Amino acid sequence: MLNLKDPELYTLSPENHPRQFSQKLDQEIGYDIYNIESDLCQRVSKHKLKQQYSPGSQNWLGLDPQILQTPYPEIKEFLTVLKKYSPKKMVDFGAGYGRIGIVLQAIIPEASFVGYEIIKEPAQEANRIYKKYGLKDCQVYTEDLLSNNFVIPPADMYFIYDFCDPYGLRVLLNSLRKQFEKERVFMVARGKGVRSLIQNKYPEFWALNGVVHFDNWSLYASSVELSG
């Protein structure tokens, strides 16, 4: 069995592509992603999953899951940056198969992970892998992030990416603004859509403490100077 708490496991070698590397690592870990995705696509084609989607969300089923998931080396990259701030809890919006929780236990082992995923099958698979490897401080819940009943839990790290259309992203970002009123809160945003939205419509995330931009993700903070 792999040692998922070894940080070197998520290091990309020069000859590998991040998605191919991550797909191979998924297989070595024991994920059953492609069978799950195939079954979900068949069910969607028969209109059996329609009730799982809110009006503001998009149905990403049918796309290669490697396109939708953040590659392991990229997760390692932003968690390594966050590590120096000694965070205690990360919340992932649109967690999919829970990759971030796995890498978090290697890079910041003292931190806990909570993910939210609208489709139950990826959430169940994430939790199966967590249980298999004894990752007790990781959990993915099935939840509609755009529901009026969803309440963002307190944490000091949040991860958001282009999991839905601009309307849905704004719903979530409006709620995250309240979390940024607290001390020492960090947010990692991944994807062109959400980063552009934050830059143009949400200066409260970056005007005071700046922002650190990387190729595919950006880091924001509520009370820590990031610029320069």
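Glu117 is buried, at a relative accessible area of 9%; buried means under 20%, exposed over 50% and partly exposed in between, with a 1.4 Å probe and protein chains only. Before I go on: this is a predicted model, where local features need pLDDT of at least 70, side-chain atom pairs count only at pLDDT 80 or more, and totals for chains, interfaces and linings use all residues. Residues are numbered from 1 along each chain as its sequence is written, and side-chain values use heavy atoms, leaving out hydrogens and water.

Glu117 sits in strand β2, residues 112-117. Strands (E, at least two residues) and helices (H or I, at least four) are DSSP runs numbered from the N terminus.

What does the side chain of Glu117 reach at 2.8 Å? The backbone nitrogen of Gly96. A polar atom of that Glu117 side chain also lies 3.3 Å from the backbone nitrogen of Ile119. Beyond four places in sequence, Glu117 touches residues including Gly94, Pro122 and Tyr141, where contact means heavy atoms within 4.5 Å.

Now the strand. Five of the six residues of β2 are buried. β2 runs parallel to β1, residues 89-93, joined by five bridges; pairing needs at least two DSSP bridges between the strands. β2 also pairs with β3, residues 138-142, in the parallel sense over five bridges, and there Gly115 has Val140 as its bridge partner.

β2, α6 and β3 form a right-handed β-α-β unit: with the strands pointing away from the viewer, the path from the first strand over the helix to the second runs clockwise. In α6, the buried residues include Pro122 and Ala123. Just after α6, Gly134 has a positive phi of about 70 degrees.

Methods:
Polar contact = N/O pair within 3.5 Å; in protein donor to acceptor, adjacent residues only side chain to side chain.
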